[in-house]
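Biologist: I would like to learn how to read strands and sheets. Could you walk me through an example?

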Amino acid sequence: MEKIRIAVRKFDPFETTLQKLWDLFCLQNNIQIEAEMVPLELHDLYETTITKKGLKEGKWDIAHLNTDWIYDAVHEKAVLDLYSFIAANPPENYPYGWHKSLLKLQQLDNGTYGLPFHDGPECLIYRKDLFEDQNEQENFKKQYSYELSTPKTWKEFVEIASFFNRPEENLYGCIFANYPDGHNMVFDFCLQLWTRGGSLINHKNQISVHSKAAIEALDFYRKMVNDPTAVHPKSKEFDSVQAGLAFAKGEAAMAINWFGFASMAQVIEESKVKGKIDITSLPSDPNHKTASLNVYWLYTIGSGSKHKKLAYDFLRFATTSESDKLLTKEGGIGCRKSTWKDEEINALIPFYHKLEMLHENAFTLPQTPIWPKVCEFIDHMILKAINSDIPSAQLLEETHNNIQKIE
């Protein structure tokens, strides 16, 4: 029997949504083609679709790719330019149904190489029930001489995390995702850099990680993640999904993670913090602005697919306002403005409307063919930093020199 193959980012809400959407799509269009959906971890997903040419050679018809990878995918000729399909039969309310920040990263070389699937910039997720508790507020003020509220500076973040760190209650001040997969720690470093006024790009438009702000960022981060009086002890084992699940189980007062994990903690059955959470902007150093990071997931079609039209028809179906809302109710993050403002969704997830605010402060990562290699270097640098006493300035200089060699 003929079938279409879909490479799926391994995450329960993605898997359940996609299966429901495919079944509905086939039912409504009287299509009798099976979809083989294979859930894959980040590294395996990149490898099978791009490195091993799975999209280019037609082994995959559709794939979830994140915007970190889209530059590579386009230049490897792995993904189909959807421009002509969109021109002939655009998705519902395209492009106006999406915030502009969700449409630009997939537009390269005058082509459009994907449609927004799942989003949710980085933010501070916190337990509002703890922050609003009168006893906690009184005890915090006695200890620190200022009012307990969400941290505006990194100094406040450390103090609040220490205050709420209670291992005997299986409650920790904060959770990080320190599993070295080339993503989570790299993103954390970028956020620390940006909230100190730093940049990944120097005045010559080259990637540079050797600056005063970068030293301050790495110094703070390595000390913070190693602080047993403030941080969940399993942070070094957690990727972003595991960190999100630990927060949903009520194991931390705060987490720096993707918006999607705050949303997930409101909707999954096993969550112990439903109705007790909220999100806000990240802290920053005094005199510098907050920042967020916008990396989002796309639906893409393999350039080697034998089912290009069918694949595009499914992508149109999977990105309607109704489908976008379904993804959100399953625990993913819909990308459409209509979902962000939807009354039912905001009743379910009261902070959902704040997505627009996060997008206004969201930075994106450099689009360059060397970025995956740069990610490796930064990931390796942070891993070395949190497991050694080598000075941050030395580690950053080494990393900077490695980057220069490949630029």
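Modeller: Gladly! Keep in mind that this is a predicted model.

Biologist: What joins strand 6 to strand 12, and how do they run?

Modeller: In general, strands of a sheet pair through backbone hydrogen bonds, either parallel or antiparallel. Here, strand 6 (residues 115-118) and strand 12 run antiparallel and are joined by 3 bridges. Strand 3 (residues 62-66) also runs antiparallel to strand 12, with 5 bridges joining them. In that pairing, His64 stands opposite Tyr299.

Biologist: Which way do the residues of strand 12 point, and are they buried or exposed?

Modeller: In a regular strand, side chains alternate between the two faces of the sheet. In strand 12, Trp297, Tyr299 and Ile301 point one way, while Leu298 and Thr300 point the other way. All of them are buried.

Biologist: In what order do the strands of the open sheet come?

Modeller: The order of its 4 strands is 8-9-7-10, with mixed pairing. Strand 8 (172-175) and strand 10 (277-280) are at the edges; each has a single partner strand, so one side of each lacks a neighbour in the sheet. On average, neighbouring strands here are turned by 20° against each other, direction ignored.

Biologist: How many bridges join strand 8 to strand 9?

Modeller: There are 3, and these two strands run parallel. Cys174, for instance, has Met254 in strand 9 as its bridge partner.

Biologist: Which strands does helix 10 touch?

Modeller: Helix 10 (residues 240-248) packs on the sheet and touches strand 7, strand 8, strand 9 and strand 10. Its direction makes about 150° with that of strand 9.

Notes
Residues are numbered from 1 along each chain as its sequence is written. This is a predicted model: local features need pLDDT of at least 70, side-chain atom pairs count only at pLDDT 80 or more; totals for chains, interfaces and linings use all residues. Side-chain values use heavy atoms; hydrogens and water are left out. Two strands pair if DSSP finds at least two bridges between them. Axes are lines fitted to C-alpha atoms, for helices over the stretch in contact, and angles run from 0 to 180 degrees between N-to-C directions. Contact means heavy atoms within 4.5 Å. Buried means under 20% relative accessible area, exposed over 50%, partly exposed in between (1.4 Å probe, protein chains only).
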